[in-house]
Amino acid sequence: MKRFTPPALALATLAMVGASCAVAQDDPKATEQWEPVPKVVTPGAKENAPPSDAVVLFDGHSLAGWEASKDHSPAGWKVHDGIVTVDKTTDNIQTKQHFHSYQLHLEWQIPKDITGEGQGRGNSGVFLASTGPGDEGYEVQIMDSFENKTYVNGQAASIYKQAAPLVNAARHPGDWQTYDIIWTAPVFAADGTVKTPAYVTLFHNGVLVQNHTELTGETFYIGKPKYKAYTDAPIKLQAHGDHSQPISFRNIWVRPLD
């Protein structure tokens, strides 16, 4: 038998439902998210120390996780006093492990008695993705940019030959400097075309100098940038061939982001 709902009762019921919805919309709990719970990462005990989920690439004692870029032989740079100094008689070195997108921390030092000028003064670089044995890949420039004039898309903290830093945050030679980098790797379609480009965010000595900068391809000394498809790649440090004194590195770690 069909039940009959008096119009007044029906209206009252609708009013109650409406009031309930109004309460729900006004309830702060309606916009609270409880799942999934982010995993716990313990920060480093000291400033710039690696957090608990970091991959330590250089701890001051060994280059066991590195290799020569040209032939994958053991890295030949000089480890001493908790640092590693570039050996310009050898070649670039790169990580044995490959990465995609990540957060990278590294510290570098221009010698206090550095000589030379322009690009011939403390020149090196960190390649965020090494795509070949030489200087192929995506380079953030490292060099002495403290009162040392050169082309602005080739000074310290530039995306080499692509993007000058927003400001010059270089410290005096002899002081340790830091790079904290967010590398968003490019994504390629099956046919090798670019689905999404690469991006770099960079803090130099705690100062934002590259703000989600879009790259137009790999960095080249001569010629325009272009992309070449890859999946993941090593991180590479450059042994530049200029005649100035070699620079040093310490405290290098990375947090994969995918």
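The radius of gyration I use here is taken over C-alpha atoms, and the rule for a globule is 2.2 Å times the number of residues to the power 0.38. Keep in mind that this is a predicted model. For 258 residues, a compact globule would come out near 18 Å, but this chain has 26 Å. Along the principal axes, its C-alpha atoms fill a box of roughly 100 × 45 × 35 Å.

As for secondary structure, the chain has 15 strands and one helix. Among contacts with a separation of 6 or more, 66% are between residues 24 or more positions apart. Of the 258 residues, 43% count as buried. The accessible surface is about 14,200 Å², and carbon and sulfur atoms hold 57% of it.

Now the rings. How many aromatic pairs are there? The count is nine. One of them joins phenylalanine 99 and tyrosine 102 edge-to-face, at 6.1 Å centre to centre and 70 degrees between the planes. Phenylalanine 99 is buried at 5% relative accessibility, and tyrosine 102 is buried at 0%.

Phenylalanine 188 and tyrosine 227 are also edge-to-face, at 6.0 Å and 75 degrees. Phenylalanine 188 sits in strand E10 and tyrosine 227 in the loop between strands E13 and E14, so this pair ties together parts 39 residues apart in sequence. Phenylalanine 188 is buried at 14%, whereas tyrosine 227 is partly exposed at 22%. Both belong to a cluster linked by ring pairs, together with Tyr138, Trp183 and Tyr230.

Conventions
Residues are numbered from 1 along each chain as its sequence is written. This is a predicted model: local features need pLDDT of at least 70, side-chain atom pairs count only at pLDDT 80 or more; totals for chains, interfaces and linings use all residues. Side-chain values use heavy atoms; hydrogens and water are left out. Helices (H or I, at least four residues) and strands (E, at least two) are DSSP runs, numbered from the N terminus. Buried means under 20% relative accessible area, exposed over 50%, partly exposed in between (1.4 Å probe, protein chains only). Contact means heavy atoms within 4.5 Å. Accessible areas come from the Shrake-Rupley method with a 1.4 Å probe; for residues, only the protein chains shown count as cover. Rings of Phe, Tyr and Trp (its six-membered ring) pair if their centres lie within 6.5 Å; planes under 30 degrees apart count as stacked, over 60 as edge-to-face and the rest as tilted.
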